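I opened the model to look up its aromatic rings. My notes follow.

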Amino acid sequence: MRKLVAVAAVVMTLTVVAGTSSASPPTTTAAASNTTTWWVDSTWISPLVGWVLGEGKAGCSTCVIIKYTDDGGRTWTMVPTPAGRTLLSGGSTYTCQNSGGCVTHLVFVNREDGYLFGPDLFTTTNGGRTWNRQRGKPTAALATVAPGVVWRLTYDEDGCPGPCGLTLQQQRTGTTSWVTVRAPFDGSGTGIVPQIVSTDSARVLIAFYGNIAGGVSSHATFFVTPNLGRSWSKRVDPCGWNRTNEVDAYDASAIPEGTVVVECLAKGISNQAFVMVSHNGGKTFGPRRPIPPLFANMVAVASANTIVAATGEAGGSGPFTYTLERSTNGGLSWRTVVRDPETLTSSTPGESYLGFVSPSVGHWIGYGNRLWTTTDGGAHWTASNV
């Protein structure tokens with residue numbers, strides 16, 4: 001699952017369950033909630049151990065909050081945040097420079113080593129008890145790409161539109177230095193944050209997405225390495241065209257066994273989407289598998305055939321229903337397993353999270369004041385206000 005810089009506003013209610021579903025357990029429907037703490041990201045190192053990142057401290061509604069669980073989310077403990085006024089979303093370079101810094105994402109590699117980033121970077125080596133701000137270029141994306149190996153993309157500027165002048169860097173757990181990884185791209189800007197798609201092995205995909213709201217072609221480009229950056233190949237956007245419109249890659253997810261799922265959206269039509277599945281690490285993709293038209297714009301793969309697609313990054317105001325779809329046959333058919341009616345306001349964060357930590361355990365943040373958890377591969381989900 002990737003994070004976006006540019007997202008479209010949606011102001012409508014969606015209540016129809018897709019007709020492509022087979023017989024299924026009852027759809028979970030959540031009651032609306034008015035919690036003032038908003039969660040926007042999550043990171044897990046096992047089905048039991050994870051963290052959430054949010055905002056909403058007393059006296060500072062946009063200041064960073066981190067919580068930790070070691071029992072699968074039954075109980076949560078507050079984790080210290082960087083000293084000073086670190087903001088979840090600064091809104092401008094000036095604001096970030098004149099506060100304690102700005103971050104939007106959180107990644108932990110193990111119980112001790114973690115990263116707060118986007119655009120500023122903070123690191124911890126003691127489970128978040130203390131954080132150290134890393135000087136240098138801003139960070140656009142960061143991910144664990146193999147056991148003990150972290151990659152990040154830094155950039156020179158964001159006004160071209162950015163991020164522009166990208167550099168790929170690597171750090172090994174237990175060290176403090178970053179080394180440059182040679183890569184055949186410069187990341188000339190599209191206004192969209194690139195995505196590092198990890199398979200937890202030496203094979204890594206880096207996706208550069210286009211802005212599907214723009215007036216020019218926005219096909220994505222994928223750079224693939226089978227050996228942690230020693231060699232690379234370039235792959236064009238597999239989504240292609242439909243009869244009347246360009247179709248662009250929008251999100252991607254992968255698992256170690258080599259399954260890669262790409263979500264494709266028709267340009268300018270955010271509720272017409274399909275997935276394409278590769279079982280050889282992105283070398284070739286199978287046929288298009290339509291997703292029910294419910295504004296599902298995040299995708300996560302749990303196993304070779306189990307895929308979930310969910311609403312995320314919703315902005316605007318008014319009634320809106322977040323949904324989560326599940327397929328157990330590689331996208332051939334889907335069933336709606338969560339329907340969450342909410343009322344958006346201008347203060348609703350446009351950030352979300354969707355991912356699996358194992359074939360059975362996954363998490364979703366749609367509407368930002370709750371965390372959804374599945375322990376059966378996405379068949380059933382339970383909401384928690386953390």
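I looked for aromatic pairs and found 16. I paired rings of Phe, Tyr and Trp (its six-membered ring) if their centres lie within 6.5 Å; planes under 30 degrees apart count as stacked, over 60 as edge-to-face and the rest as tilted.

The model is predicted, so local features need pLDDT of at least 70, side-chain atom pairs count only at pLDDT 80 or more, and totals for chains, interfaces and linings use all residues. Residues are numbered from 1 along each chain as its sequence is written, and side-chain values use heavy atoms, with hydrogens and water left out.

I checked Trp-38 with Tyr-367. The pair is edge-to-face, at 5.1 Å centre to centre and 80 degrees between the planes. Trp-38 is in strand β2 (residues 38–44), and Tyr-367 is in the loop between β27 (362–365) and β28 (371–374), so the pair ties together parts 329 residues apart in sequence. Strands are DSSP runs (E, at least two residues), numbered from the N terminus. Buried means under 20% relative accessible area, exposed over 50%, partly exposed in between (1.4 Å probe, protein chains only).

I went on to Trp-44 and Trp-76. They pair edge-to-face, 6.1 Å centre to centre, with 80 degrees between the planes. Trp-44 lies in strand β2 and Trp-76 in the loop between β4 (60–69) and β5 (77–79), 32 residues apart. Trp-44 is buried at 11%; Trp-76 is buried at 17%.

I also noted a cluster: ring pairs link Trp-151, Phe-185, Phe-208, Phe-223 and Trp-232.

Definitions and conventions
Helices (H or I, at least four residues) and strands (E, at least two) are DSSP runs, numbered from the N terminus.
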